[in-house]
Amino acid sequence: MLIGFMGAGKSSIGRVLADRLSFRFFDTDAMVEESAGQTISEIWNAEGEAGFRSREADAVVNACAGTGRVIACGGGAVLEIRNYGILKGAGTVVYLRAPAPVLRARVGNGMDRPLLKDAGAFDRLLAQRTPAYESAADLIVDTDERTPDELAGDIARQLA
Ligand code: S3P
């Protein structure tokens, strides 16, 4: 499964990687939105972060219930203790790492990412989470200059 901060490219690289490996692709954010029939922002507004995290935990269980899968995890998923063991037990955990300015450019105005609404949240969360992503990872891949295709090829080689 692919972990990393918002904007790391987990969904776009994950889709290409799954294609390359002929694996099924799962995206926990998309699973949450689909089962709720609401966007992440709508869920956050209606149920708060706790409601979202509980839905996300269900998505993690469902995404991990099988083999031959590439799973793109929402940026906070692996940091939740209830998800950690499930994700670690389900396969190789790949941390997609990128420099702060690259992540910041990719998340843009953070409109669809409720955690980034507060000023300063980006830097605070990135500093808090980077060591946790590093310690959860079996493999760390730096994503800055390369295309999803190149990165997926690189990851596939390292997983072989
Ligand atoms: C979150 C990341 C988002 C989404 C939610 C919370 C986080 O996913 O799950 O907004 O806690 O980092 P992406 O990492 O796909 O943006």
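This is a predicted model: local features need pLDDT of at least 70, side-chain atom pairs count only at pLDDT 80 or more; totals for chains, interfaces and linings use all residues.

A pocket, as the word is used here, is an open set of points on a 1 Å grid over the protein atoms alone, where a 1.4 Å probe fits and where protein lies on both sides within 12 Å along at least five of seven lines; its volume is the space filled by probe spheres set on those points.

Sorted by class, the lining of the second largest pocket consists of 11 nonpolar residues, five polar ones and one charged residue.

The largest pocket has a volume of about 480 Å³, and of the 27 residues that line it, Met6, Asp29, Ile40, Gly74 and Arg113 are the closest to its centre. Helices α1 (10-21), α2 (28-36) and α3 each supply at least two residues of this lining, with α3 providing the largest share, namely six residues. The classes in the lining of the largest pocket are nine nonpolar, nine polar and nine charged residues.

It is this largest pocket whose space is taken by the ligand. Around the ligand there are 14 residues, of which Lys10, Asp29, Arg53, Arg113 and Arg129 are the closest. Helix α3, which spans residues 40-63, gives the most to this shell, with four residues, and by class the shell is made up of five nonpolar, three polar and six charged residues.

Which atoms of the protein lie 2.6 Å from an oxygen atom of the ligand? One is a polar side-chain atom of arginine 53, and another is an N or O atom in the side chain of arginine 113. The backbone also takes part, with a polar backbone atom of glycine 75 at 2.9 Å from an oxygen atom of the ligand. Taken alone, the ligand exposes 390 Å², and the protein buries 95% of that area.

Key
Residues are numbered from 1 along each chain as its sequence is written. Side-chain values use heavy atoms; hydrogens and water are left out. A residue is near a molecule or strand if one of its heavy atoms lies within 4 Å of it. A polar contact is a pair of N or O atoms within 3.5 Å; within protein, one must be able to donate a hydrogen and the other to accept it, and residues adjacent in sequence count only if both atoms are side-chain atoms. Accessible areas come from the Shrake-Rupley method with a 1.4 Å probe; for residues, only the protein chains shown count as cover. On a 1 Å grid over the protein atoms alone, a cavity is a set of points where a 1.4 Å probe fits but cannot get out, and a pocket is an open set with protein on both sides within 12 Å along at least five of seven lines; lining residues have an atom within 4 Å of a point. A molecule sits in a cavity or pocket if more than half of its atoms lie within 2 Å of its grid points. Ala, Val, Leu, Ile, Met, Phe, Trp, Tyr, Cys and Pro count as nonpolar, Asp, Glu, Lys and Arg as charged, and the others, Gly among them, as polar.
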